[in-house]
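Student: Please take me through the labels one at a time, with the cut-off behind each.

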Amino acid sequence: MNTPLVDALKNCANNPHATFYVPGHKQGKGISEQLSALFGETVFRYDLPELPEFGGLFPPEGVMKTAQELAAQAFGAEKTWFLANGSTSGVMAAILATCGEGDKIILPRNVHQSAIAALIFSGAIPIFINPIYDLNFDLPYTITVEAVKQTLSQHQDAKAIFIVSPTYQGVCADIPPLATLAHSYNLPLIVDAAHGAHFGFHPQLPVSPLTQGADIVIQSLHKTLGALTQASLLHLQDKRVNPSRLSTALQCLQSSSPSHLLLASLDAAREQVETQGKHLFDYTLDLASRGKAEIEKISDLSLFNPSLPQAGCYDLDATRITINVEQLGLTGFAADEILHNELGVTAELPTAKTLTFVVTFGNTVADIEALITGLTQLRQYQPETSLVPLKLSGLPPLAECISPRKAFFQEKTVLPLADTVGKISAELVCPYPPGIPVLIPGERITIEALNYLQQVFQLGRNITITGCSDVTLKQLQVIAS
Ligand SMILES: Cc1ncc(COP(=O)(O)O)c(C=O)c1O
């Protein structure tokens, strides 16, 4: 076992001392009885602040520095930062570290909302590229090398290229040529690999973007490895990005009291996957493939299984299971609700036509059996009117937009939904999950986007539409003309 931070936490917690520091529960002695009965006492004993024995994150010192260096080695980066505020903070820091006010950044239309938040913070100008779209499954893939090449030829002054790989459904971009292209313009390639922390730890998994030439990679260890929720990593491998600006951005965006439970979970998850990765993913891949083999036998369900490689879909994470439920006459949202409320199975992500299930080494054969039983029973439920799928048609030309930052700070007015077509959105309206914004500040509002939002609102009872000031979606904030 080589887990310096976990060891330091253990030693400190078990060394009796009078605690005159925060957190106020003082190793659990002041915690509410209810919480203590629920969580047990142990977890609070280890909920310690930045004590000298741990070293700090900014600048990295002592045990914390060693733990981050071990993570860098294991994941194949030059430098790695522990994140206690999720990949959300990593995505925002990566953009803040590479783009300033008025700088152009090339990014896919289906970015996570954290990237849009970073555009507001930084003042960067988005040059959006539409990802290749799978119309059968109504899912975005990734952006292609050709599309980026063409965009770069029109925007040679861009300061960074940002991609999402893998997507929620496990679709991976063709990273090596994207990295070569980015570097030929001396630009950093930032990869939001929030869903790909396990890549590279088994020969049948996609390789890590870090070995493919990416410069900054952000990974949520809490999504696919054994770390606590919010525990993520940001890796740097580049001379094009200033590490000290990146570090400052990370410090600005994160709590000054990071949870050491989360940070220690990163240390432990790294050690676990480093020493047992092959075995853990033999097991995970076997579970997922058993599940897929059974799903293929269920009529009226189709498994997401794109041919590889193809434009926008260079590789696929075999641990993800995505199915199309359209043939059942159900939307993904309705199927999700039935499975969750009545059949004892909870998916990760519903969309208009699909459901995505995340399989990890935390799952069991019994889980897969429950999934198959649940999916088989879905057919007994009443069909419903299906949702008209959103075709992401990209943003209007730049001349028609104002920057997300400008829109965020500009004077706004509230209009009934129907009157907002053609106006400029002042809000970041985003169904969650998956957290891909449908409207962003500065974007011209289209009828398609409004239709989609209304339908998701009506049908997606397990989905929260975040970001709009009117939660009933009857009105929207737009830029005052
Ligand atoms: C593509 C993508 N990037 C970033 C994030 C943010 O990750 P986190 O939940 O670790 O903050 C998510 C979250 O779902 C995501 O799907």
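Student: Why is Phe361 called buried?
Tutor: Its relative accessibility is 16%. Buried means under 20% relative accessible area, exposed means over 50%, and partly exposed is in between (1.4 Å probe, protein chains only). At 16%, Phe361 is therefore buried. Phe281, at 1%, counts as buried too.

Student: What sort of model is this, and how are the residues numbered?
Tutor: It is a predicted model, where local features need pLDDT of at least 70 and side-chain atom pairs pLDDT 80 or more, while totals for chains, interfaces and linings use all residues. Numbering runs from 1 along each chain as its sequence is written, and side-chain values use heavy atoms, without hydrogens or water.

Student: What makes Pro176 partly exposed?
Tutor: Pro176 has a relative accessible area of 31%, which falls between the two limits above. This proline is found in helix α8. Helices here are DSSP runs of H or I with at least four residues, strands are E runs of at least two, and both are numbered from the N terminus.

Student: How many aromatic pairs are there?
Tutor: There are six. Rings of Phe, Tyr and Trp (its six-membered ring) pair when their centres lie within 6.5 Å; planes under 30 degrees apart are stacked, over 60 edge-to-face, and the rest tilted. Phe75 and Phe201 sit 5.2 Å centre to centre with 80° between their planes, which makes them edge-to-face. The two are 126 residues apart, Phe75 in helix α4 and Phe201 in the loop between β8 and β9. Both of these phenylalanines are buried.

Student: How do you know which geometry Phe281 and Phe361 adopt?
Tutor: Their ring centres are 5.5 Å apart and their planes stand at 80°, so this pair is edge-to-face. Phe281 belongs to helix α11 and Phe361 to the loop between β15 and α13, so the pair ties together parts 80 residues apart in sequence.

Student: Why is helix α12 described as largely enclosed?
Tutor: Eight of its 11 residues are buried, so the rest of the structure largely encloses this helix. Among the buried ones are Phe333, Asp336, Glu337 and Leu339. Gly344, with a positive phi near 70°, follows α12.

Student: Which residues have the most contacts inside the largest nonpolar core?
Tutor: They are Phe75, Phe82, Ile161, Ile163, Leu189, Leu221 and Phe281, in a core of 60 residues. Such a core is a set of buried Ala, Val, Leu, Ile, Met, Phe, Trp, Tyr and Cys residues joined through side-chain atoms within 4.5 Å. Helix α11 gives the largest share, nine residues. A second, separate core has 34 residues, including Val91 and Ile190.

Student: What makes the charged end of Lys79 sit over a ring?
Tutor: The rule asks for NZ of Lys or CZ of Arg within 6 Å of the ring centre and within 35 degrees of the ring normal. The charged end of Lys79 is 4.9 Å from the centre of the Trp81 ring and sits over it. The charged end of Lys412 sits over the ring of Phe408, 5.9 Å from its centre.

Student: Which residues come nearest to the ligand?
Tutor: Of the 14 around it, these are Ser87, Thr88, Asp192, Ser220 and His222; being near means a heavy atom within 4 Å. In the Thr88 side chain, an N or O atom is 2.6 Å from a ligand oxygen. For His195, a polar side-chain atom lies 2.8 Å from an oxygen of the ligand.

Note on methods
Polar contact = N/O pair within 3.5 Å; in protein donor to acceptor, adjacent residues only side chain to side chain.
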